[in-house]
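Let's take a walk through a protein together. Have the sequence and the 3D view open, and we'll go one stop at a time.

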Amino acid sequence: KMCAPGSSGDSKKMEPASVTAEVTPGVVRGASQKSAKPRGDGPSDRATRLRSRTRAPHATAAMIGSKFAAAGFAVAFALLGAADAATHPQDLAALWKFKEEALKMSNNDARWRKVFETWTGRGEACPYPECPHDPCGEDWHGTWHGVQCRELQGVAQWKLPDNVYRRVTNMHIPEWGLPGHLPESLCLFEMLEELDFDENEFEGELPACVGCLPHLREIDIEDNKFTGSIPREWGNLKNLVEFEVDGNQLLGGCIPEGLPKDAEWCGDCWSTCPSYDPYCGSYDCNSCVSWTKDPEIGTSYENTRLKGDRCPNEPNPPVCPWEIFKEEFEQQQMEEEAKRKQQQVESLKKVPELQIRSVESEPSTETFLQRVAEEEAEEEVLPEPEPEPVVEEEVEPEADPALGECADSKTRVTVDNEACIFPFTVMDQVHCDCVQHNGEGWCTIADGTWKKCAPES
């Protein structure tokens, strides 16, 4: 549970180029049209300002900026209704994936629907289409319930220049009794720093792909009903400081190597130690961090089947859905942009040529009825064409779609000479060959385990 941002970020004023390089390389929105002035914090006329900005004409492709257009996000900027939105279009697409998965796996549960009521425009103060979809907005707490765009690698995003996109850093939906499993689409948010879903009704196993989120520093999923064990892949979360799984009574196994050490008390680091406390001053505040006021920091697992034993082996290398999602998203946007430009060219070709009458020609004295009569007299009566014989087409039997997608796939094996099983699916994407990650190929074998692919012979 992270505290509200304080004044530490108030003194940071960054030029657009340096902000872009540190936070989200190469993503500047409307750089040629917007100033580099940081946003103000005055909330008094916020709704009025949002509405007035939205009523301005939508930016054209020429106004968006060459670097932004070259990155291929111009179409998402228009299609997702983000003409003046602060939120990065890739994160916005991931939020729609998250909403779709949550409603589908919970059978459209009313509790999830209640959460998503504010997921429109800039929230209840300015819903879509009056405002574009923009969960980050202009404040650290955002405009959509549970979605926050706080400090990113020490930079206060709500004070960034107007021409820089904000990234989703916190998914914070505790104490709602939400049913289902923990949505795997959370793994699409590459800049996520906090997951807070404690005191819900989540069941099933924890998704291994969470171990791919390199900026995560807090996971709070206590008091749910998770089963199985903590995925070994979570040991790759090198920036994780706070990890709370207390109250998941069916969660067992070992704790992956790489997760934070067992929780230490930090309560007296945030308050004046009472004089009657015999342990006053005995706590090591060096292990505490400034961005949270939680009384304990580290891994806590009370009221679970975990015994505190650390897994003996190194964590499994995960396959990262957000990397694949990002590549496919950028490719899709570039294709959409190329298609849009082609449609513009074709529409210009269809403009009829204007017929200009010479001013020197004499005006016609022929009446309209005379012209019609002459045209009817010139028309020839053509015989009706004979109907062509109908040839029945042979209907080929439908092929199995699952097999058809990988009918021509190569036979691949792992480095342990185990057969790769194709097709396999990563975040709704079907793959018929090994998935590349950090220069190495990965696939699943018969039991569903990810294995490193052997080089092609």
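**Cysteine links and other stops**

Start at the link of Cys187 and Cys209: with 70° about the S-S bond, this disulfide (a pair of cysteine sulfur atoms within 2.5 Å) is right-handed. Cys187 sits in the loop between strand S3 (179-180) and strand S4 (194-196), while Cys209 sits in the loop between strand S5 (201-204) and strand S6 (218-220), so the pair ties together parts that are 22 residues apart in sequence. The two sulfur atoms are 2.0 Å apart. Helices and strands here are DSSP runs numbered from the N terminus, with at least four residues (H or I) for a helix and at least two (E) for a strand.

Before going on, a word on what you're looking at. This is a predicted model, where local features need pLDDT of at least 70, side-chain atom pairs count only at pLDDT 80 or more, and totals for chains, interfaces and linings use all residues. Residues are numbered from 1 along each chain as its sequence is written, and side-chain values use heavy atoms, with hydrogens and water left out.

Back to our pair: are these cysteines buried or exposed? Cys187 has a relative accessible area of 0%, so Cys187 is buried. Cys209 comes in at 10% relative accessibility and also counts as buried. "Buried" means under 20% relative accessible area, "exposed" means over 50%, and "partly exposed" is in between (1.4 Å probe, protein chains only).

Next up, Cys254 and Cys311 form a disulfide with an S to S distance of 2.0 Å. Their link is right-handed, with 95° about the S-S bond. Cys254 is in the loop between strand S9 (250-252) and strand S10 (264-265), and Cys311 is in the loop between S12 and H8, so the parts tied together are 57 residues apart in sequence. Cys254 and Cys311 are buried too.

Now hop over to a sheet. Three strands make an open sheet in the order S15-S16-S17, with antiparallel pairing. (Two strands pair if DSSP finds at least two bridges between them.) Strand S15 (435-437) and strand S17 (450-452) are the edge strands, each pairing on one side only. S15 and strand S16 (residues 440-444) are joined by three bridges. Gln436 has Gly441 in S16 as its bridge partner.

One more stop: Pro135, in the loop between helix H7 (110-115) and strand S1 (147-148). At 0% relative accessibility, Pro135 is buried. Among the residues Pro135 touches, not counting those up to four places away in sequence, are Thr87, Leu92, Gly121 and Trp144. A contact means heavy atoms within 4.5 Å.

Finally, zoom out. The protein has 10 helices and 17 strands, and 44% of its 457 residues count as buried. Among contacts between residues at least 6 apart in sequence, 64% join residues at least 24 apart.
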